[in-house]
Amino acid sequence: MNRIIVNGGKRLIGEVRIGGSKNAALPILFGGILTAEVCTFSELPRVSDVLRTLEILKFLGARIRFLENGDVEVDYKGIRPRMPPPVLTGRIRGSTYLLGAMLGRFGHAELGGVGGCNFGTRPIDQHLAGFAALGAQVTETKDGVRIAAPEGLRGTHFCLAMPSVGATANLMLAGVAASGEVRLAGVAIEPHVVALAEFLTAAGAQITMESGARLRIRGGKPLHGCAFRMIPDMIEAGTYLAFGVATRGRVTVRDVRPAHLTATLDTLRRMGVRVLEGRDHVGIDATHGYHGTSIVTGPYPAFPTDLHPQFAALFCLPHARGQGSVTETVWRERFRYTAELARMGAHTTVEGNCAHFAPSPLRHTTVRSPDLRGGAALLAAALATEGRSEIRDAVNIGRGYEHLGEKLAALGAQITVY
Ligand code: UD1
């Protein structure tokens, strides 16, 4: 996916099936390394971040089979303890999960480069402090990091300084290989973190998520291969709901877990959008319009940072009533998309980690997708704006949305994806 052309201004009406969660797939695919056996995954989204993860696993020695029923089978037996070339790991942020998984299986791990969206610095100090608490020696090199636990990983109590998704997942991966009990406090409780715990449990680990953002692992249990179904992607779901609202349409997302979308749906209701929740689907009706509101992003269950740009785009559209604002507490610099929205005529002001948006007429033009969700925001604006818009650098959007063109076309969009 390089370029997206949209002939906007068409109301989106209909239903769309949501695929498996990218944010769950990455740590789980790397987590399979700990089993050293065959794992079978269903609902694995075929987005580029997942395909790149499979490439890294293949480089390390895994055997991968795409089954006829759509499942993906990964045989982790042949994985060898080596460092993948930074050119491979540097393309996805999720490659940090190699640290916990390789450390857990082989007692050492080395990583040369990590990629992902550019939101300013993306520290991993909590991952490293947690590994050290588990008894590993951590050496930061000029281009990466080396971790070794020659005497094995041991049980510990560790409290995260902030609820980091990445650190929680990484410490869970290393923790299941530790001898004794690992207690983690202040952990992230995102659905994809819980999904990783469920996957590791299905593979034989003993992990208990406790109230108060705590997690207990009885480490050292031998893991085995298993079958695992990815959870639905709450960010893909929220994005299609935003596309529906942008076009003042009526869209239902199917095969989702509405409980994962609570903050998103509350926000939509605050915006005056009609929301209908079913057991495994959510519908919105924005045909009568909507108004702006204030959003504060935060760790789950707060409003997800990965839906902030898409909602910010809604606040800029001419048919929004009143102003909107976003306070970003997770990635304080996640505003690169605002410059591109401004090229379409949007009224945006960024002050520190807060951005304000006022409705104004937008014009179709050519914009560049600065990152994955920022690209989705531009797409929302393009879908709502009369005329031919072009989104370049759409490769960023392809990192997280499967069958994007087909799904939007089925809802009535005029879209071509190159
Ligand atoms: C974060 C989001 C996740 C989103 C992803 C991509 C949260 C809690 N996490 O996950 O939902 O899918 O970005 O947009 O919403 N931090 C440190 N030191 C560390 C680790 C993190 O200071 O060692 C800080 C980060 O700078 C950031 C916050 O903690 O401000 C959350 O980071 P983290 O959850 O680890 O990032 P991701 O795993 O990338």
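**Loops, helix, ligand and cores**

User: Pro301 is placed in which loop?

Analyst: This is a predicted model, in which local features need pLDDT of at least 70 and side-chain atom pairs count only at pLDDT 80 or more, while totals for chains, interfaces and linings use all residues. Residues are numbered from 1 along each chain as its sequence is written, and side-chain values use heavy atoms, with hydrogens and water left out. Helices (H or I, at least four residues) and strands (E, at least two) are DSSP runs, numbered from the N terminus. On that basis, the place of Pro301 is the loop between strand E18 (294–296) and helix H10 (308–316).

User: What is the omega of the peptide bond that joins Tyr300 and Pro301?

Analyst: The bond between Tyr300 and Pro301 is a cis peptide bond. Its omega is about 10 degrees.

User: Why does Asp255 count as partly exposed?

Analyst: Asp255 lies in the loop between E14 and helix H9 (262–270), and has a positive phi of about 60 degrees although it is not a glycine. Buried means under 20% relative accessible area, exposed over 50%, and partly exposed in between (1.4 Å probe, protein chains only). Asp255 is therefore partly exposed, because its relative accessible area is 32%.

User: What phi does Asp393 take?

Analyst: Asp393 is found in the loop between strand E24 (387–392) and helix H13 (395–398). At 33% relative accessibility, Asp393 is partly exposed. A residue other than glycine, Asp393 has a positive phi, near 55 degrees.

User: What distance does helix H7 reach from its first C-alpha to its last?

Analyst: Helix H7 covers residues 191–202, 12 residues in all. The expected span of a helix is 1.5 Å times one less than its number of residues. For H7 the expected value is 16 Å, and the reach is close to it, at 16 Å.

User: Against which elements do the buried residues of H7 pack?

Analyst: The buried residues of H7 are Pro191, His192, Val193, Ala195, Leu196, Ala197, Phe199 and Leu200. Just after H7, Gly204 takes a positive phi of about 115 degrees. With contact meaning heavy atoms within 4.5 Å, the buried residues of H7 pack against helix H1 (22–31), strand E3 (38–42), helix H6 (165–175), strand E11 (206–210), strand E13 (227–229) and helix H8 (234–246).

User: With which side chain does the side chain of Lys22 make a polar contact?

Analyst: Lys22 is found in helix H1 and is buried, with a relative accessible area of 6%. Beyond its neighbours within four places in sequence, Lys22 is in contact with residues including Pro45, Val47, Asp233 and Arg399. A polar contact is a pair of N or O atoms within 3.5 Å; within protein, one must be able to donate a hydrogen and the other to accept it, and residues adjacent in sequence count only if both atoms are side-chain atoms. At 3.4 Å, the partner of the Lys22 side chain is the side chain of Asp49.

User: Which backbone nitrogen does the side chain of Thr247 reach?

Analyst: Thr247 is in the loop between H8 and strand E14 (250–254), where it counts as buried at 8% relative accessibility. A polar atom of the Thr247 side chain lies 3.1 Å from the backbone oxygen of Gly244. At 3.0 Å, the Thr247 side chain reaches the backbone nitrogen of Leu12.

User: How much of the accessible area of the ligand does the protein cover?

Analyst: Of the 20 residues around the ligand (a heavy atom within 4 Å), Gln126, Ser164, Val165, Asp306 and Val330 come nearest. Ligand oxygen atoms lie 2.5 Å from a polar side-chain atom of Asp306, 2.5 Å from a backbone N or O atom of Val330 and 2.9 Å from a backbone N or O atom of Gly166. By the Shrake-Rupley method with a 1.4 Å probe (for residues, only the protein chains shown count as cover), the ligand on its own has 720 Å² of accessible area, and the protein covers 85%.

User: Which residues have the most contacts inside the largest nonpolar core?

Analyst: A nonpolar core is a set of buried Ala, Val, Leu, Ile, Met, Phe, Trp, Tyr and Cys residues joined through side-chain atoms within 4.5 Å. The largest has 72 residues, and a second, separate core of 68 residues includes Val6, Val251, Ile284 and Ala312. Not counting residues up to four places away in sequence, Leu57 touches Leu29, Phe30, Ile33, Ala62, Ile64, Tyr76 and Ile79. The residues with the most contacts inside the largest core are Phe41, Leu57 and Leu200.
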